[in-house]
Amino acid sequence: MAIILGIESTAHTFGIGIVKNGKILSNVRDMYTTESGGIIPMDSAKHHKSVSEDVYIKSLEEAGVKENEVDAIAFSQGPGLAPCLLEGMKFAKALSKKLKKPIVPVNHCVAHLEITRITGAKEPVLLYTSGANTQVIAYASGKFRVFGETLDIGVGNFIDNFARYIEVGFPGGPKIEQLAKKGKHYVELPYSVKGMDISLSGILTNLKQKFESEKYKIEDLAYSLQEDVFAMLVETAERALAHTGKTELVLGGGVACNSRLQEMCKIMCKERGAKFFCPEKSLLVDNGAMIAFLGGIMFKKGLKISHSSLDKTDIKPRQRTDDIEVSWRK
Ligand code: AMP
Ligand code: MG
């Protein structure tokens with residue numbers, strides 16, 4: 001009966017979750033936000049440091065677990081912002097030394113993917129839509145294969161960037177979603193699907209130009225942004241389903257909180273007789289429970305590092321999803 005504590009700190013969120021044999025006991029998070037402007041990595045790292053002890057205590061309390069009952073400490077090793085990753089790793093290593101328990105370095109993107117197992121999906125195509133990452137992924141022969149991805153910026157960062165430009169603050173996703181609900185007129189935007197990949201920076205420039213022209217309501221621009229870009233995501237996800245012959249689609253990452261994106265995925269799945277799955281919100285955004293969840297699976301397979309060899313482990317800010325040997329699934 002292993003109890004795993006998972007630490008998330010890749011960007012804006014410091015979170016600690018506790019998982020016991022695949023069951024989530026707690027999932028506490030504290031997010032760095034700004035009124036205007038985006039993430040300043042050093043500030044976000046300072047935020048993480050200042051809230052870490054509190055989040056830790058709350059998470060243990062919520063789980064009803066004492067610290068000496070924890071069997072291993074999983075943490076997000078990458079990808080992410082280096083100063084933020086460092087805070088998470090420091091916290092993990094200090095805890096590992098104190099409790100004399102091993103650490104399990106976890107890839108953040110793979111954690112977003114593996115937590116979708118909780119929905120009951122077995123062999124899905126994953127549409128992974130987060131801040132920095134946007135990929136259509138399916139597991140095949142030992143790795144998560146990337147079938148398509150953004151060629152420039154992640155869809156969350158794209159939305160946040162536009163939200164920042166129109167001065168509605170960070171994170172922009174929920175704010176754009178609210179504005180979009182009030183939009184009525186579709187404003188034509190570039191549609192940029194290139195094979196299985198998408199590109200968003202041209203659309204961002206176009207949106208900014210349209211905003212500056214003062215010819216359009218921001219509600220209509222927000223609405224059109226969602227309709228246009230989500231259609232691009234759904235198109236590539238559908239093609240991945242067709243290509244792989246898989247019949248399940250799972251949505252993951254923070255942008256998956258968007259109800260219009262969920263609706264569009266549902267419609268596409270219904271039309272082609274596929275099943276659609278989406279984890280609950282607290283597991284879609286960056287969170288410690290998903291790190292603990294994957295940490296638990298890896299720990300069971302012996303993928304851990306002893307508290308006496310912590311020097312062997314470092315952060316990996318640019319680690320890619322398809323670099324990871326998914327040996328625990330073999
Ligand atoms: P992640 O990097 O997976 O934590 O996801 C964070 C991203 O999700 C940020 O870019 C947010 O703006 C975005 N996000 C959160 N909620 C929503 C929403 N309701 N609609 C669109 N994007 C969202
Ligand atoms: Mg994330």
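Trainee: Let's start with Gly15. Is Gly15 buried or exposed?
Mentor: Gly15 is buried, because its relative accessible area is 0%. Keep in mind that this is a predicted model.

Trainee: Where does Gly15 lie?
Mentor: In strand 2, which covers residues 13-20.

Trainee: And what does Gly15 touch, leaving out residues up to four places away in sequence?
Mentor: Gly6, Ile7, Glu8, Val28, Arg29, Val55 and Gly288.

Trainee: How many Å separate the C-alpha atoms of Gly15 and Asn107?
Mentor: They are separated by 15 Å. Along the chain, the two residues are 92 apart.

Trainee: On to the metal. Which residues coordinate the magnesium ion, ligand 2?
Mentor: His108 and His112, each through NE2, and Asp286 through OD. The distances run from 2.0 to 2.3 Å.

Trainee: How are those donor residues spaced in sequence?
Mentor: The pattern is H-x3-H-x173-D.

Trainee: What separates His108 and His112 within helix 3?
Mentor: About one helical turn, because they are 4 residues apart in that helix, residues 108-114.

Trainee: Now the helices. At what angle do helix 7 and helix 8 cross?
Mentor: Roughly 35 degrees. Their axes come within 10 Å. Helix 7 spans residues 218-244, and helix 8 spans residues 259-272. The crossing is right-handed.

Trainee: Which residues make that contact?
Mentor: Helix 7 supplies Gln226, Glu227, Phe230, Ala231, Leu233, Val234, Ala237, Glu238, Leu241 and Ala242. From helix 8 come Arg260, Leu261, Met264, Cys265, Met268 and Arg272.

Trainee: How many of them are nonpolar, polar and charged?
Mentor: The contact of helix 7 with helix 8 has 11 nonpolar, 1 polar and 4 charged residues.

Trainee: Switching to Ser96. Where does Ser96 lie?
Mentor: In helix 2. Ser96 counts as buried, because its relative accessibility is 0%.

Trainee: What lies 2.8 Å from a polar atom of the Ser96 side chain?
Mentor: The backbone oxygen of Lys101. Ser96 also touches Lys101, along with Ile73, Pro102, Ile103, His307 and Leu310, not counting residues up to four places away in sequence.

Trainee: How far apart are Ser96 and Leu310?
Mentor: In sequence, 214 residues. In space, 8.5 Å, C-alpha to C-alpha.

Trainee: Which residues does Thr313 touch, again leaving out those up to four places away in sequence?
Mentor: Phe75, Gln77, Met89, Lys93, Ile103, Pro105 and Ile305. Thr313 lies in the segment after helix 10, residues 288-300. Thr313 is buried, with a relative accessible area of 3%.

Trainee: What about Ser130? Where is its place?
Mentor: In the loop between strand 6 (125-129) and strand 7 (134-140). Ser130 is buried, with a relative accessible area of 5%.

Trainee: Which side chain is joined to that of Ser130 by a polar contact?
Mentor: That of Tyr128, at 3.4 Å. Leaving aside neighbours within four places in sequence, Ser130 is in contact with Gly154, Val155, Gly156, Asn157, Gly253, Gly254 and Val255.

Trainee: Last topic, the backbone. Which residues does a cis peptide bond join?
Mentor: Gly78 and Pro79, with omega about -5 degrees. Pro79 is found in the loop between strand 4 (72-78) and helix 2 (82-99).

Trainee: What is phi of Asn21?
Mentor: Near 45 degrees, a positive value in a residue other than glycine. Asn21 is in the loop between strand 2 and strand 3 (23-31). Asn21 is partly exposed, because its relative accessible area is 47%.

Trainee: And phi of Ser141, what is that?
Mentor: Phi of Ser141 is near 45 degrees, a positive value in a residue other than glycine. Ser141 is found in the loop between strand 7 and strand 8 (143-149).

Trainee: Is Ser141 buried or exposed?
Mentor: Exposed. Ser141 has a relative accessible area of 68%, so it is over the 50% cut-off.

How values were computed. Residues are numbered from 1 along each chain as its sequence is written. Chains are lettered from A and ligands numbered from 1 in the order in which they are written. This is a predicted model: local features need pLDDT of at least 70, side-chain atom pairs count only at pLDDT 80 or more; totals for chains, interfaces and linings use all residues. Side-chain values use heavy atoms; hydrogens and water are left out. Axes are lines fitted to C-alpha atoms, for helices over the stretch in contact, and angles run from 0 to 180 degrees between N-to-C directions. Helices (H or I, at least four residues) and strands (E, at least two) are DSSP runs, numbered from the N terminus. A crossing is left-handed if the near helix is turned anticlockwise from the far one by less than a right angle, and right-handed if clockwise. Contact means heavy atoms within 4.5 Å. Ala, Val, Leu, Ile, Met, Phe, Trp, Tyr, Cys and Pro count as nonpolar, Asp, Glu, Lys and Arg as charged, and the others, Gly among them, as polar. Donors are N, O and S atoms within 2.8 Å of the metal (3.2 Å for Na, K and Ca); water is not among the atoms, so sites may look incomplete. Buried means under 20% relative accessible area, exposed over 50%, partly exposed in between (1.4 Å probe, protein chains only). A polar contact is a pair of N or O atoms within 3.5 Å; within protein, one must be able to donate a hydrogen and the other to accept it, and residues adjacent in sequence count only if both atoms are side-chain atoms.
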